[in-house]
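Dear colleague,

Please find the structure below, handed over for your records. My findings follow directly after it.

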Amino acid sequence: MEIIIQDTLSLYKEMLKLPEGERLEFFTTELIKPFNPMFGIMHSPKTPEALASIPLTGCDSEIKEMLEKLEKADAWNNAKETMEAAAERFERAGIPVPEKVVVGIFLGDPKLLAMSEGYTGVGAIPGYIQIIIAPNEKNLPKLNACIAHEFHHNVLFHNAKWNFMFDVTVGKYLAVEGLAESFAASMFGEEFIGPWVTGVKGEDLETSRRIISKALEVTGFMEVRKYIFGKHPMVPEADDLGIPFCGGYAVGYHAVQAYLKKTGDSIEKATIIDGDEIMKLSGYFDI
């Protein structure tokens, strides 16, 4: 597998030298250029706001500080090493991986990412991974685990035979997120899993599990996403369900963990097993 780590460090430094009026064009034609096919598939706008990226104007000191933190953490070299190690695990297990993956690390808007500790990722389109991060002491140690999570999405959807928008069920989506976070945990340890899992526990987790257990067969992305994202600002129609923010992510992780312990399957092997089957066999919803 060919791994391309986009040199966004140099690109951001180049952008800062430009007049503010020219930066949006640079962002579109240079910074996110390698991801144009991904944006086309997802039908998503190519703007900093849509990416939860830091504003390109009026934030020069913040951008410089973020770049310094990422450079000090050797983020780009670590991303390459993480991708190589993750790909090797799947190749060793005989699981097909994409021929080429482009990875871009982009600077996040702390306000837009406040509910997820200042970082997030996109990896559902095989061949493309975007990490959006406003680096801080809490999320920098988790950056590599986030990359592993998104790479798992790449591998899963590279092998999936179902249509994400139309065929996805709550069970399948739970598995998508639970498997990705379980893979990240298997590489780096549970202490580095994301806030989309660790932020839902105790009574909130039990409430989420109870509600979701009755909806595993709900089908179609627009309906399914309500059970995954819960009370999320981008999914206001889910407010009445009673599922907390990212409750489905946490439920998916714990269900996959239960499945792995019960069956003894490796996380790599589980990646190509139907998500609905994983949820049924996990025993996590036997309540």
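Does N159 count as buried or exposed? N159 counts as buried, at 18% relative accessibility, where buried means under 20% relative accessible area, exposed over 50% and partly exposed in between, with a 1.4 Å probe and protein chains only. Please note that this is a predicted model, in which local features need pLDDT of at least 70 and side-chain atom pairs count only at pLDDT 80 or more, while totals for chains, interfaces and linings use all residues. Residues are numbered from 1 along each chain as its sequence is written, and side-chain values use heavy atoms, with hydrogens and water left out.

N159 has its place in helix α6; helices are DSSP runs of H or I with at least four residues, numbered from the N terminus. Apart from neighbours within four places in sequence, N159 is in contact (heavy atoms within 4.5 Å) with I95, P96 and I272.

Helix α6 (residues 143–159) also packs with helix α7 (residues 170–188), at an angle of about 130° and with the axes 8 Å apart. Here the axes are lines fitted to C-alpha atoms over the stretch in contact, and angles run from 0 to 180 degrees between N-to-C directions. The two helices α6 and α7 are therefore oblique to each other: angles under 35 degrees count as roughly parallel, over 145 as roughly antiparallel, 65 to 115 as roughly perpendicular and the rest as oblique. Residues making the contact include A148, H152 and L156 of α6 and A180, F183 and M187 of α7. By class, the contact of α6 with α7 has 11 nonpolar, 4 polar and 2 charged residues, with Ala, Val, Leu, Ile, Met, Phe, Trp, Tyr, Cys and Pro counted as nonpolar, Asp, Glu, Lys and Arg as charged, and the others, Gly among them, as polar.

I193 lies in the loop between α7 and α8 (195–198). I193 is buried, at 6% relative accessibility. Beyond its neighbours within four places in sequence, I193 is in contact with Y119, K142, E181, A185, T198 and Y253. From C-alpha to C-alpha, I193 and P244 are 18 Å apart in space and 51 residues apart in sequence.

Finally, R23 is found in helix α2 (residues 23–31) and is buried, with a relative accessible area of 3%. Residues up to four places away in sequence not being counted, R23 touches M15, L16, L18, L56, T57 and D60.

With kind regards
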